[in-house]
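Subject: Structure for you to look over

Dear colleague,

I am handing over the structure we spoke about, and I would be glad if you could look through it alongside the notes below.

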Amino acid sequence: MSFEVGKTIGIIGGGHEAIGLTLAAKQLGLKVLLYVEEQDDTVRSLGIPVIEGAYDDLSHLREFAGKCQVVTYTSKRLDPDLLIKLSHETSFPQNPDLLYLEQDSFLEKALYEAADVPILPYESVVRQEELPTAIDHIGFPCILKAARFIDREKAASVVLRENEDVDDPGVARIFDHGTAILETWVPDAKIISIMTCQNNNGASVLYPVAQHQYVDRELKYTITPGRLSTDQIISAQRIADQLSTRFQTVGIIVIQFLVSNYGNLTVLHASNRPTMVGDYSQDVTTNSHYTCHIRALVDLPLPRIELFSLAINMPVTEGNITYVTEKFATEDTWRGSFHDKDQTQVPSVMGSVTISAATKKELQHLFEQLQAAYEAEKIS
């Protein structure tokens with residue numbers, strides 16, 4: 001799709017990320033049409049036209065796509081085959097095969113191996129009785145996960161540190177959902193990400209490396225730039241370039257890595273859509289990842305990306321909203337945006353805030369303040 005004010009972009013999926021994409025599209029003069037499954041999705045608060053339907057309803061999706069000049073998505077629950085069929089109805093410049101990376105661990109690992117990027121050692125485990133043999137190959141400590149990402153919401157991953165852990169009730173729950181993947185566990189590893197955005201012509205831009213803190217798979221905060229060595233940053237950028245070349249897609253690519261205590265990087269996950277890990281870009285870079293994604297989809301030149309402040313970004317949730325709003329109302333370094341409670345996500349997300357810092361020392365002080373707030377249970 002070539003850019004023209006007044007054309008319609010369709011977004012399949014709702015939630016916090018759909019709000020970010022919608023606002024970015026409206027700033028460029030584009031009309032937005034949303035397609036969501038949930039009647040109480042928070043995107044309805046924007047007053048944008050919404051079509052409600054199942055993500056596997058091809059007929060309904062085709063009707064939606066026929067009203068749009070270009071389509072993108074925020075939900076990882078979509079069937080890639082349906083997106084291929086929608087590309088016959090409208091422009092869909094992203095590579096639908098990349099959705100498999102967010103749905104199946106083994107397809108994800110196979111693509112990373114083909115791209116010759118570093119990943120953690122892993123084994124496929126079809127039945128629970130095969131687990132001891134797989135552990136012999138991987139060694140302790142290791143982590144057992146459901147092979148399909150959607151099943152991890154029903155059966156939490158289990159870290160195995162010794163033979164007795166095989167009898168953990170959580171292990172059986174994982175196998176109740178089918179094949180599992182056993183992977184090396186890296187204690188005390190950092191989780192970082194780098195975003196790249198590319199267009200139809202293969203041109204791309206890079207965002208700075210960010211560092212993330214998760215608790216029970218829930219993103220707590222993001223520090224930008226990540227506290228890494230120059231060699232690690234260069235390595236992350238090189239891997240991002242390798243994968244973006246391999247993916248042959250358009251728009252934002254978010255690549256997450258593990259960094260061991262020895263400084264080694266391994267690829268964790270990649271996705272071809274804006275996610276909350278990049279929300280810092282709305283407040284402390286020259287162009288947000290939402291804006292860059294939209295520009296790539298409509299064939300606008302990719303903007304120059306510059307980080308103009310050190311920062312910590314936090315999702316706004318029920319566990320921190322009181323603390324966040326109090327700080328937001330009194331501190332001039334706190335910026336961000338809020339929206340209605342999103343009933344469709346767990347935990348419910350109500351926006352994001354970014355705390356800027358002028359120096360590394362100031363950034364460290366802000367980080368220590370947040371840690372103290374967690375310890376005092378002002379934030380959960």
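What follows is a description of the sheet, the cores, the aromatic pairs and some backbone features.

Please keep in mind that this is a predicted model, in which local features need pLDDT of at least 70 and side-chain atom pairs count only at pLDDT 80 or more, while totals for chains, interfaces and linings use all residues. Residues are numbered from 1 along each chain as its sequence is written, and side-chain values use heavy atoms, with hydrogens and water left out.

To begin with the strands, helices (H or I, at least four residues) and strands (E, at least two) are DSSP runs numbered from the N terminus, and two strands are said to pair if DSSP finds at least two bridges between them. Four strands make up an open sheet with antiparallel pairing, in the order 5-8-6-7, and its edges are strand 5 (122-125) and strand 7 (158-160), each of which pairs on one side only. From one strand to the next the twist averages 25°, where axes are lines fitted to C-alpha atoms, for helices over the stretch in contact, and angles run from 0 to 180 degrees between N-to-C directions. Within this sheet, strand 6 (residues 142-146) is joined to strand 7 by three bridges in the antiparallel sense, and Ile143 has Val159 of strand 7 as its bridge partner.

Strand 11 (residues 210-215) has two antiparallel pairings to follow. Three bridges connect strand 11 with strand 9 (residues 190-198), with His212 as the bridge partner of Ile191, and five bridges connect strand 11 with strand 12 (residues 218-224), where Val215 stands opposite Glu218. Strands 11 and 12 form a hairpin with two residues between them, and Asp216 in the turn has a positive phi of about 55°, although Asp216 is not a glycine. Asp216 is exposed, with a relative accessible area of 76%; here exposed means over 50% relative accessible area, buried means under 20%, and partly exposed lies in between (1.4 Å probe, protein chains only).

Turning to the interior, a nonpolar core is taken as a set of buried Ala, Val, Leu, Ile, Met, Phe, Trp, Tyr and Cys residues joined through side-chain atoms within 4.5 Å. The largest such core has 57 residues, and those with the most contacts inside it are Ile9, Ile12, Phe64, Leu83 and Ile294. Leaving aside residues up to four places away in sequence, Phe64 touches Gly10, Ile11, Ile12, Leu33, Leu34, Tyr35, Ile51 and Val71, a contact being heavy atoms within 4.5 Å. A second, separate core of 22 residues includes Ile119, Ile194, Phe257 and Val259.

Ile294 is also one of the buried residues of helix 9. Nine of the nine residues of helix 9 (residues 289-297) are buried, so this helix is largely enclosed by the rest of the structure. Helix 9 is followed by Asp299, whose phi is positive, near 65°; Asp299 lies in the loop between helix 9 and strand 15 (310-317) and, at 39% relative accessibility, counts as partly exposed.

As for the rings, those of Phe, Tyr and Trp (its six-membered ring) pair if their centres lie within 6.5 Å, with planes under 30 degrees apart counted as stacked, over 60 as edge-to-face and the rest as tilted. The structure holds eight aromatic pairs. The rings of Phe328 and Phe338 are an edge-to-face pair, because their centres are 5.0 Å apart and their planes are at 90°. Phe328 is in helix 10 (residues 321-330) and Phe338 in strand 16 (residues 334-338); Phe328 is partly exposed at 31% relative accessibility, and Phe338 is partly exposed at 36%. Elsewhere, ring pairs link Tyr35, Tyr55 and Phe64 into a cluster.

With best wishes
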